[in-house]
Amino acid sequence: MELGALLVTQGAALRNPERQEMSTWCSVWPVVGKTVAERWVDRVRSMRVNTVSVVDRCVSVSDRVQRMVEWAKEGVEQILVIGMGSYAEVDLPDLLHFHHEGGHRITRVFDPEGPLGISLLDRSAVLRDAAARIRTVPPSSRYDFNGYVTRLSSTLAYRKLVQDALEGRCDIRPSGFPTSENVWIDPTAVVHPSVTIHGPCYVGAHSRLNAGVTVSGYSTIEENCEIDLGTSLECASILPNTYLAPGLHLRNAVVDGTHLEHLDRNVTVDLGPIALAARRNSISRENGL
Amino acid sequence: MKTSGPTIVTHLPAKQSKLHRGLFLDEIKEMVGQARRPRLIVDLTSSGGIKAETIDLLLECVEEVEHADGRVAVAATPEAAVVLELTQLTSVLDLFPSVSDATDETPLMVQPPSADGMSPMAA
């Protein structure tokens, strides 16, 4: 039975370094090396699903439905629709089995708090009344899930997922090699010998930690970042392609380029005008990929 | 840290050119030079984001006030507070959400505005 998967991300535009929107949680933020969307793609591909498409939420519902209709016409028999509003370790084979055994046309996944934005649709359900489906929610069956879920509605929730990954409370495993103190450092990262890291923490690919840097409290430094001399990170996530100036003390915050979101004070500050942070050119752009 | 001397409430100059900064610091020097263990409260609650010049000026205030064995406090918006914490200025000055919170710690001596109304000002 051929299966297709449509992943709907949120706010991919924020990843674009040319844009200067305020940073709030966005599904393209990586979690210890990979985004939630990339992890979903890995999971569905591991089930030998070849028809996978990732679209941003800003793509209209009718366009998304149209894409599913095209797949259905091409012979895809079931379509898994995954919204990036949550990270849920749903047992996909079990979901497929439930859907098939019950003869359901549409199955929606719920946890005790409500729907998770994950649905499995039969080809017939996609083709029938496709236009009407845009306006109304068709009847569906309910698949109850009790495993690991984090609803990714805020930066705070993002930090929780990061901590759970570093603690091994979910199936997300950081890329790179762990040391004895639960510190994961990508082999391409450059860490000065004087750097102090109290795990669990993560240092991503092509990142550089300069002399005297201190990292602690489930902090993560994603791909292609530079943390300059003597800066300390505590309970912080530094998103890809971010430079942090020397001598800073960053606590309970997420920094994306020049935008800092402080989780205790619930404010976002632009550090660009005071030269405390900067956006680095992404590696792929430098290489022209 | 509490001081037993007078408390002075001031705003930073709106224009932070070299001239305005110099005038401001001269007035600060004059005030703290006359006081023993003064407490200078800088009101940043009405300013938007903090500029690099603001950080430099605050550090110069700290230096002047510490010469008189005093202490600097800053009343700051949450955004400004984040920057002050990030740059570790909170290790040399005290941070408060409002001027009234800052003044609650010691009796208040309000400094009248200077002739050009630039600084220092009453809260």
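Predicted model: local features only at pLDDT ≥ 70, side-chain atom pairs only at ≥ 80, totals over all residues.
Residues are numbered from 1 along each chain as its sequence is written, chains are lettered from A and ligands numbered from 1 in the order written, and side-chain values use heavy atoms, without hydrogens and water.

Next I looked up the strands around that pair. Strand 21 (residues 242-244) and strand 25 of chain A run antiparallel, joined by three bridges. They belong to an open, mixed sheet of five strands in chain A, ordered 13-16-19-21-25. Strand 13 (190-191) and strand 25 (277-279) of chain A are at the edges with a single partner strand each, so one side of each has no neighbour in the sheet. I noted that strands pair if DSSP finds at least two bridges between them, and that strands are DSSP runs of E, at least two residues, numbered from the N terminus.

Then I went to strand 5 of chain A. Why is strand 5 of chain A largely enclosed by the rest of the structure? Six of the six residues (78-83) are buried, so that explains it; buried means under 20% relative accessible area (1.4 Å probe, protein chains only). A:Gln78, A:Leu80 and A:Ile82 point one way, and A:Ile79, A:Val81 and A:Gly83 the other.

Strand 1 (residues 3-9) of chain A runs parallel to strand 5 of chain A over six bridges, with A:Gly4 opposite A:Ile79.

How values were computed
Helix = DSSP H or I, 4+ residues; strand = E, 2+ residues; numbered from the N terminus. Buried < 20%, exposed > 50% of the residue type's maximum accessible area, 1.4 Å probe, protein only.
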